[in-house]
Amino acid sequence: MNIFKILLICTVSLHIEAEVQVLINPVNLPENMLPGTQLSRAYDKDVAGRADVYHFLNKTKDFVIDASSGVITSTKVFNYETDPIRFLLIVDSGGLRRRVLTVNIIDVPESPDCTADPQFSSGTATVELDEDYPLFQSIYRVTATDEDFANGDRLKYTIETQLSGPKRGANCFGVDPVSGVVSVNGEDSLDFDAGFHVFQLALRATDTKGLFCQGTLIIRVRNINDEKPQFEPFPLNLINVTEKMPVGEIIARVKATDRDEDSSITYSFKTQQEVFRLDPVTGIITLLKPLNLDKPNNSKVYPLEVEARDNGNHSSTYVFTVSVENVDEPISCDSSFSTGAGVSVSVPENTPASAPIYMILSRDPDLEQEVEHFQLVIAVRSREDLSVESCTGTITINIQNVNDESPILTYVPDAPINIYENLPVGTELVKLTATDRDIGDSVHYEFVGTPKEFSINEDSGVVTVAYPLDYEDASTPKSWVLYFRAYDNERMHSTTGTLTVILQDVNDNRPQCSQDIYIIELPENIPVETLLVSLACTDKDGTVPNNNITYHLITDTFSNETFTLTNNELKIGPSHLDFDNAVFAGMHFKYTLFVRVSDEGNPVLSTMITVIVRVSRINELNPTGTTLAFTFSIFENSPVDTLVGEITFTDADWPFNNVKYAIVGGNLGTPPIFYIEPDTGMIKLLGSLDREMQSRYKIAVRVTDLDNDALPDPIRQRSATAQVTVHVLNVNDEPPVCTPPHLETQIYSAMKTPFIQLNCSDRDSPQEHLSYSIVGGNTNNQFILWRRDFGPPSLAATQNFQGDVFQGILAPETFQLLIEVTDELGGDPVSQLSTTTAVIIHVFPWSMTQPTPSTVTATTTMTTSVLTKISYYWSPDNWIPAVLTLTGALFLMCLYAVAWCLFKDVPACSRLFPHCHKHQQKQPSLTAVESGQVTSDRNALLAQLSDKGSQDVEQLRKDSGSDERRSALTSRKVTKPLSHLLYLKRSCEEVDGLRVPGEKAYEGNYCRGHVLSAHRASFISVSYNPPTEISVPNFRNSSYDQPCRKQPPSEGQSGAPMLH
């Protein structure tokens, strides 16, 4: 008991001692809270105002406590996934009682991180692929991480925007929501020739909390030659010409188009043509040979199959027919010769032989058909006398061929031939033709000189390109005058001609710029019209308009009004940059612009330039509130940590409303009575209030923005100051006070007017709210309180005290009145406070005889004493009663164990301290007659039953191994004959072999209580009834499994067997 008293006294003493208080406990600290955040405050009123009193007993680097003010702050930014999530800080102020502050780190959902690929997060990740890229094959994989993976968070990948250029509106790509793999989805065809040259994908990784990170992937599509040229057909696929069409005349022009942007088309005949020529660049078909139908070898119909092939080896064919219309051309002779009279020719006699006499034909019927023989009819007459004698005969003149003709050029282009620089080597330019009138003679061709750019076929006269042409190459001429020669077989005759070839520029060079990508970082307050970049691009093509460059800015709706491209200069405007925008935050505070630089050639070639403008934040705006003056009210009896009010300020700089609050001035008291939560602006009570001491507080609160500038705080921090007025509302916590606390006066019995005035006041109640009443000593209501207005009342007598008046006085008399003063007049009685003042009145009669000398006048002495009663109480923690209860229970158990050891063998205490051995069932007692009869027969039976019992024991031992015996031993009802009911003098060791199946053998001196006794004393139990059913307890949970103890025979017992 003494120990318990000492423990109780020590516990009470701990509660009586002043203890440190932790205002906020536990503290739930978000993991992303900045270092220096005020978490809580330790407060001990006994050491308030002292220096260096608060500290942590356990060492920690993560938290600090101000030794003077007790303010507890953090020193770092915590990570819920890697740091401990709970801290126990022991706060000590030097007293006997300490406090444990629990700080719980609260998991704050964190945005995924896309910076694993810096180019992706910065918007410069670029991928190039061909326009025939396979479907659903990986192009790019977004790599994002999330620290919340450990908490079961998962990421989902999406495409927020998909911009295409220069043609918009394509949706060609998709992203796997689980793996982040970007691929061609096949929704729209990825066709460069349709205008889809570049794509900008805004890819986002979003977690289950809705937080995300975002990056930009730029996909450039490479044009491949995947389109076949398409012909524009002729009407009915037919061209009609006449046989009179001259050689070199244009018959038609075939035209094919190719959707591939940079493709050039060349034309050719699928089969060799000798009658028609096809310009490989322009597709113009001209006539090489006359179409004279008078020649049997000439056909009236020419089926032509033209092939158009691009530079990617894609081709298509077009078949059409050239139909030749016949025009009759009769042989034309000289008109005189063809008349009936004929022609008379006079020939001088000295005309030499073989001299021409007359030309019969005015022209040949066909260009290549000559008259091979002439048949002349000649009449011979005599010159003399005009004799009519004559003879006629026919002379046939056959003309024999002689190589006397020079080749005649039948087709040489009169106009210069314009060729394009992109013609492949081997392209046919023109086919020169010449004829030789000599029969059997053929014409051959050669260049006069050796131009490396061209070659001519010796037999066919076809001029082809022999060397790659490049208009932009300074060593390549822009025109050629080719001299060629047509000669016969034996080079006896030849003819020369000229062919002019002019090289034409082809738009085969894209504009080239000094940079393909620009990364510019600007502050958000940069002025409008500021020049961002001047693009420097050129085009190698040598002629206009192929080298004329134009610039076109491709923007989205968000940046449409923010940038302007004039010629090659990119400027800010007409709208200024704005970092403080939620949509812009989703774009990672950067603009991705595309500038298409194009030439004016045909086809138009272009180059895409990427301009990434990163905007850095500038702290431009001060925190603003709805008002700069806040007024709050709080009751003076409010407990510590009561919310006084909340100041709300906003900041339009990104991140929005990221401000901190701090009290910087005002009459806060010592120690401070108020504190403000820096992140919420909630002002809370830190100490006790007393309206009677101070009814109003003025507080200056500074609101400072955080992390609103690219420069670290506090270089460009902005702040605002708010004035807070806190009115302390009155609570009736002050009782009335009377000055002096008691009054004493003397009056004559004839006094009828008020004779003394009370002077009472209340610090928290006005005078008119005080009520007065006489609560004691006013016998027969002889005095009343008389109150003229709202001031303190006066005391007056209700009657005079003259002797002739009823109940008057004839001798001096003293009255002691108790007057109760109560505040809150008419208020709630529960909240009313009161005080009592004493008034001692000595009343003397108006006429009074001289007192005898023996009379001693007693002097009343008033003594003021203050009785202070302090009530101490013990308010234990929850664990103390449990510990005390458990200790008491253990103590009682130990006490009982000691008593059992001391008194277990005392018979009088056997009920309280029973033995652990088996209790014998009470046997039915025998009468005296039966006892005597049994005694007389005891010796006779003993010898017989002893032998029988030994046999039975041996039989039991043998049978204990059989299943039938085990079943009998484990049953609750056993039926045995008389011989089996013998309790023989056997030791426990002899019967220990009888075990219940499944039970472990008892070690030591244990017995099984079946039909053998657990007691070592020898006795015989005889039953003269027929076989009887005996109840045997279950061995598994019976009390028979107790130690066998050797006990001395009781009185009247001996070692010999006894009959019971």
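"Buried" here means under 20% relative accessible area, "exposed" means over 50%, and "partly exposed" is in between, using a 1.4 Å probe and protein chains only.

What you're looking at is a predicted model, where local features need pLDDT of at least 70 and side-chain atom pairs count only at pLDDT 80 or more, while totals for chains, interfaces and linings use all residues. Residues are numbered from 1 along each chain as its sequence is written, and side-chain values use heavy atoms, with hydrogens and water left out.

Okay, cysteines. A disulfide is a covalent bond between the sulfur atoms of two cysteines. For calling one in the model, the rule is a pair of cysteine sulfur atoms within 2.5 Å. How many disulfides does that rule give? The count is three.

Let's start with cysteine 114 and cysteine 213, joined with an S to S distance of 1.8 Å. The torsion about their S-S bond is about 65°, so this disulfide is right-handed. Cysteine 114 sits in the loop between strand 8 (99–106) and helix 2 (118–122), and cysteine 213 is in strand 15 (residues 212–222), so the pair ties together parts that are 99 residues apart in sequence. Quick word on naming: helices (H or I, at least four residues) and strands (E, at least two) are DSSP runs, numbered from the N terminus. Buried or exposed, this pair? Cysteine 114 and cysteine 213 are both buried.

Next, cysteine 513 and cysteine 537, with sulfur atoms 2.0 Å apart in their disulfide. This one links distant parts of the chain: cysteine 513 is in strand 38 (residues 512–513) and cysteine 537 in strand 41 (residues 537–538), 24 residues apart. The link is right-handed, with 100° about the S-S bond, and both cysteine 513 and cysteine 537 are buried.

Then we have cysteine 738 and cysteine 760, again a disulfide, with the sulfur atoms 2.0 Å apart. Why is it called right-handed? Because the torsion about the S-S bond is about 100°. Here too the pair links distant parts of the chain, from cysteine 738 in strand 56 (residues 737–738) to cysteine 760 in strand 59 (residues 760–761), 22 residues apart. Cysteine 738 counts as buried because its relative accessibility is 11%, and cysteine 760 is buried at 2%.

One more cysteine before I move on: cysteine 901 has 52% relative accessibility, so it counts as exposed.

Now isoleucine 756, in strand 58 (residues 756–757). With 15% relative accessibility, isoleucine 756 counts as buried. What does it touch? Leaving out residues up to four places away in sequence, isoleucine 756 touches Leu743, Thr745, Ser794 and Leu795, where contact means heavy atoms within 4.5 Å. Isoleucine 756 and leucine 795 are 39 residues apart in sequence, yet 5.4 Å apart in space, C-alpha to C-alpha.

Over to threonine 266, which lies in strand 20 (residues 265–269). Threonine 266 is buried too, with a relative accessible area of 18%. Among the residues it touches, again not counting those up to four places away in sequence, are Pro280, Glu307 and Leu423.

Last stop is valine 343, in the loop between helix 3 (335–338) and strand 26 (361–363). Valine 343 has a relative accessible area of 35%, so it is partly exposed.

That's my tour, thanks.
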